[in-house]
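Visitor: I am new to this structure and would like to learn how to read it. Could you walk me through it step by step?
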Amino acid sequence: MTVIEVDRLHKRYGAKVAVDDVTFSVEDGEIFGILGPNGAGKTTIVECIEGLRRPDGGSISVLGLDPQHDRTELRQQVGAQLQESALPDKITVAEAISLYGSFYRSPADGAALEILGLSGQRNRRYRKFSGGQKQRLSIALALIGRPRIAVLDELTTGLDPQARRDTWTLVRDIRDTGVTILLVTHLMEEADRLCDRAMLVTAGRVIANDSPSGLIASIGIQQRIRFHPSGPIADGLLTALPGVSSVTAAADDVIVTGTGDVLGAVTFALGQAGIAAERLDVQRASLEDAFVVLTGRST
Ligand SMILES: Nc1ncnc2c1ncn2[C@@H]1O[C@H](COP(=O)(O)OP(=O)(O)O)[C@@H](O)[C@H]1O
Ligand SMILES: [Mg+2]
């Protein structure tokens, strides 16, 4: 079932076109990523979906609602993560939860705190929180109304690697409770780890939309296989294989690059020749590689 349908969305700020005919849809229960560099138009897209900005053209349907006309109902169904500065320093977790819960018909009980690891922190004041804890609280507040869809915009920006990993685990846990997640990020690793599907946006336009592995495959970038052969390899054995682009030696190892099922071809040929591939290491192209190829720039 489609829960968000965006069709030819167009948004300008004065003469500046921020979102230029963007079309995509999000399915129930998935983590859908909107990826792109700063200024690409990602936040504008999700703010139009949340009803916070009025599009200049195109249409948006969220759970059958029009974000402009049905804002009150939409707010019950779509949870948006808060910007960090939005809470006063002295507010406690319990106060924030109760304040935000009061905006909703059937706010979540302690369960949201439990899943977010905040249940022991009820009386702690906001200003005493680490960056990771603030992020947890902002996610808790996005979920307090038991939304069907959660919009998380750059949620791990500024977090240390451990807090970032914890937050990723959290996002998966939330999805596992049935919430559809719209994830905005400029971090390709984050998207690669979390998203079922993602669209790449630059300068207000969608340039690709696929699963992370589909995005990576689309650029035809090479795999790199490195191994230590148990015996000498006959000249031409590997270079002749389908998909192999190069065979080079490094110290006692052999490095083969190629596309498609080059790993299968190499291991099969070695097996036929009675050679074992020891310390086998395969590196695939990353979403970062795909981003660079598709956008012509690095993140
Ligand atoms: N309120 C605004 N007024 C004018 N320009 C804006 C406003 N908000 C965003 N922009 C511009 O629109 C473009 C897209 O911004 P934004 O949607 O925030 O991108 P992203 O979230 O991908 O970084 C940027 O060039 C930004 O400078
Ligand atoms: Mg943004």
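Guide: Gladly! Let us begin with the domains: the domain assignment of the protein gives domain 1 (2-210) and domain 2 (221-285). Please keep in mind that this is a predicted model.

Visitor: How far apart do the C-alpha centres of domain 1 and domain 2 lie?
Guide: Their C-alpha centres are 43 Å apart. For the protein as a whole, the C-alpha trace spans about 75 × 45 × 35 Å along its principal axes.

Visitor: Let us turn to strands. How do strand 1 and strand 2 run, and how many bridges join them?
Guide: A general idea to start with: in a regular strand, side chains alternate between the two faces of the sheet. Here, strand 1 (residues 2-13) and strand 2 run antiparallel, joined by nine bridges. To see one pairing, find T2, whose bridge partner in strand 2 is E27. The two strands form a hairpin with two residues between them, and G14 in the turn has a positive phi of about 60°.

Visitor: Where can I see strand 11 paired with strand 12?
Guide: Look at residues 244-250 for strand 11 and residues 253-258 for strand 12; these run antiparallel and six bridges join them. V244 stands opposite G258 in strand 12. This pair also forms a hairpin with two residues between the strands, and A251 in the turn has a positive phi of about 50°.

Visitor: Which residues surround ligand 1?
Guide: The surrounding residues are Y13, K16, A18, G36, N38, G39, A40, G41, K42, T43 and T44. Strand 2 (16-27) and helix 1 (42-49) are the elements that give two or more residues to this shell. Helix 1 gives the most, with three residues. Sorted by class, the shell has three nonpolar, six polar and two charged residues.

Visitor: Is helix 1 mostly covered or mostly open?
Guide: Helix 1 is mostly covered, with six of its eight residues buried. The buried ones are K42, T44, I45, V46, C48 and I49. Just after the helix, G51 takes a positive phi of about 80°.

Visitor: What does the largest nonpolar core contain?
Guide: The general idea is that in soluble globular proteins, nonpolar side chains tend to be buried together. In this protein, buried residues make up 35% of the 299 residues. The largest nonpolar core has 63 residues, and those with the most contacts inside it are I149, A150, L152, I181, L182 and L183. Helix 5 (residues 131-143) gives the most to this core, with six residues. Apart from it lies another core, of 11 residues, among them V244, V254, V256 and A277.

Visitor: Which residues does L182 touch, leaving out those up to four places away in sequence?
Guide: L182 touches I4, V26, F32, I34, V46, I149 and V151.

Visitor: Why is D176 called exposed?
Guide: D176 has 10 other C-beta atoms within 10 Å, so D176 is exposed. You will find D176 in helix 6 (residues 161-176). The C-alpha atoms of D176 and E30 are separated by 9.5 Å, although these residues are 146 residues apart along the chain.

Methods
Residues numbered from 1 in each chain as written. Chains lettered and ligands numbered in written order. Predicted model: local features only at pLDDT ≥ 70, side-chain atom pairs only at ≥ 80, totals over all residues. Near = placed C-beta within 6 Å. Helix = DSSP H or I, 4+ residues; strand = E, 2+ residues; numbered from the N terminus. Nonpolar A, V, L, I, M, F, W, Y, C, P; charged D, E, K, R; others polar. Core = buried A, V, L, I, M, F, W, Y, C linked by C-beta atoms within 7 Å. Buried ≥ 20, exposed ≤ 12 C-beta atoms within 10 Å, placed from the backbone. Contact = placed C-beta atoms within 7 Å. Pairing = 2+ DSSP bridges. Domains from an automatic or database assignment.
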